[in-house]
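Welcome! Please take a look at the sequence and the structure below, and then let us walk through them together.

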Amino acid sequence: MIYVGIDIAKLNYFGAALSSDGEVLVRPFKFTNDSDGFRRLLSVLDPYGKDSLVIGLESTAHYGNNLVEFLVSRHYNVCVINPIQTSSMRRNNIRKTKTDTVDTLVIARTLMVQEHRFCTKQDIDLLHLKSLGRFRQKLVKQRTRAKIQLVSYVDQSFPELQYFFHGIHHKSVYALLKEAPSPEKVATMHMTHLVHLLKTASHGHFQKEKAQSLRVPAQQSVGSSDSSISVQITQTIELIELLDSQIDEVESEMHNILLSIDSAIMTLPGISYVEAGMILGETGDIHRFSEPKKLLAFAGLDPTVCQSGNFNASHTRMSKRGSKVLRYALVYAAHNVVRNNKTFKDYYDSKRASGLNHYAAPGHCAGKLVRIIYKMLTDDLVFNLD
């Protein structure tokens, strides 16, 4: 076999190739992170044949993703190495030299002595799910902040509105505020137009009586008539609606990827495409974890350990040291599975009966769900706990 090490950077990559005997077949060379550079890499590798090559690169954030996808799509044997592995190999260097050219050879030598797994198209799909899941979380956080800001603006402009509609985060309220962001404008709006606006936005839920009764708090409101607040209200609503559409688009793309993967995890009762996509994306290759408790620790759902001398705490909190996105998805999925499966509902009830509150019991259900998901993914089994 021929082992090819590639050192990743933002603009330029370095590559080198070693034979199975450690002979340097291709001295370290530089190629750029663009189509010309990728073609140069292929021209260097072509004489050796794809089946005889093992290409490795370190996991370095997003910088190597394009190259991995490029090589996998052309059916090369590519594996992503944990930097800890190359670091231990680098410590064996007496001179302790670290340069781009030296790192390429270190990566190639790591390939020779360490076990490795080749990336597949499914790994690429899981990488995309991970990226989309994390991006969705950012959008959701932005939307939450925008909704909190909107409440503060409405509190200043029309504080009676949220009590009249029992909250302001409804399409009908958004439609009203975009057109009439102050109580004065609501009070002076033509009744026929106000009735039509509320009826259309609420899909017939709010009728003429609701519009007529809205006039009273609008006329008596103690809110500010400052036009600057009205501008902030309308633009914040537009931002929320933009974020809603972006979240929908991200979730649609996650749905499409999951359809192509056709994972057994979708047989879990009550699980959505969003939760399944986040769980699969954050977990990646399930074979990275030799046992369920390692996946549990990766999610930060494992209990902390508190021990000193003869004391050993029997009740501790979850560590929350792993992937926040995975932990969120697992707890949310566990909540839905409890609602849709008797075995999980009985388990949840037993935890509540033992003294755990409503917020602690789902964490234990998520731990049980992790063990089931691990078995389903490793053995490709559908859910069957009915």
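Two strands pair if DSSP finds at least two bridges between them. Helices (H or I, at least four residues) and strands (E, at least two) are DSSP runs, numbered from the N terminus.

## About the model

This is a predicted model, in which local features need pLDDT of at least 70 and side-chain atom pairs count only at pLDDT 80 or more, while totals for chains, interfaces and linings use all residues. Residues are numbered from 1 along each chain as its sequence is written, and side-chain values use heavy atoms, with hydrogens and water left out.

Let us begin with strand β1 (residues 2-7), which pairs with β2 in the antiparallel sense over 6 bridges. Within this pairing, G5 has A16 of β2 as its bridge partner. The two strands, β1 and β2, form a hairpin with 4 residues between them.

On to strand β3 (residues 24-32): β2 and β3 run antiparallel and are joined by 6 bridges. Here L18 stands opposite V24 in β3. β2 and β3 also form a hairpin, again with 4 residues between the strands, and G22 in its turn has a positive phi of about 90 degrees.

Why is β2 (residues 12-19) described as largely enclosed by the rest of the structure? Because 7 of its 8 residues are buried, where buried means under 20% relative accessible area, exposed over 50% and partly exposed in between (1.4 Å probe, protein chains only).

Helix α11 covers residues 227-261, and its 35 residues should span 51 Å at 1.5 Å a residue. The expected span is 1.5 Å times one less than the number of residues. The end C-alpha atoms of α11 are 52 Å apart, which agrees. After α11 comes D262, whose phi is positive, near 55 degrees.

## Nonpolar cores

A nonpolar core is a set of buried Ala, Val, Leu, Ile, Met, Phe, Trp, Tyr and Cys residues joined through side-chain atoms within 4.5 Å. In the largest one, with 48 residues, I279 and L330 touch the most other members. Elements that give two or more residues to this core include α5 (121-157), α11 and α14 (324-340). The most comes from α16, with 10 residues.

Which residues does L330 touch, not counting those up to four places away in sequence? They are I279, A299, L301, A366, L369, V370 and I373. Apart from this core lies another, of 29 residues, among them A146, V173, V195 and I237.

## Cysteines and a serine

A search of the whole structure finds 0 disulfides, a disulfide being a pair of cysteine sulfur atoms within 2.5 Å. The sulfur of C79 has its closest cysteine sulfur in C119, 7.1 Å away, too far for a bond. C79 counts as buried at 1% relative accessibility, and C119 is buried with a relative accessible area of 17%.

S182 sits in the loop between α7 (171-179) and α8 (183-188). With a relative accessible area of 6%, S182 is buried. Leaving aside neighbours within four places in sequence, S182 is in contact (heavy atoms within 4.5 Å) with S157 and S230.

## The whole chain

The protein chain has 16 helices and 7 strands, and buried residues make up 42% of its 386 residues. Its C-alpha atoms fill a box of roughly 90 × 60 × 40 Å, taken along the principal axes.
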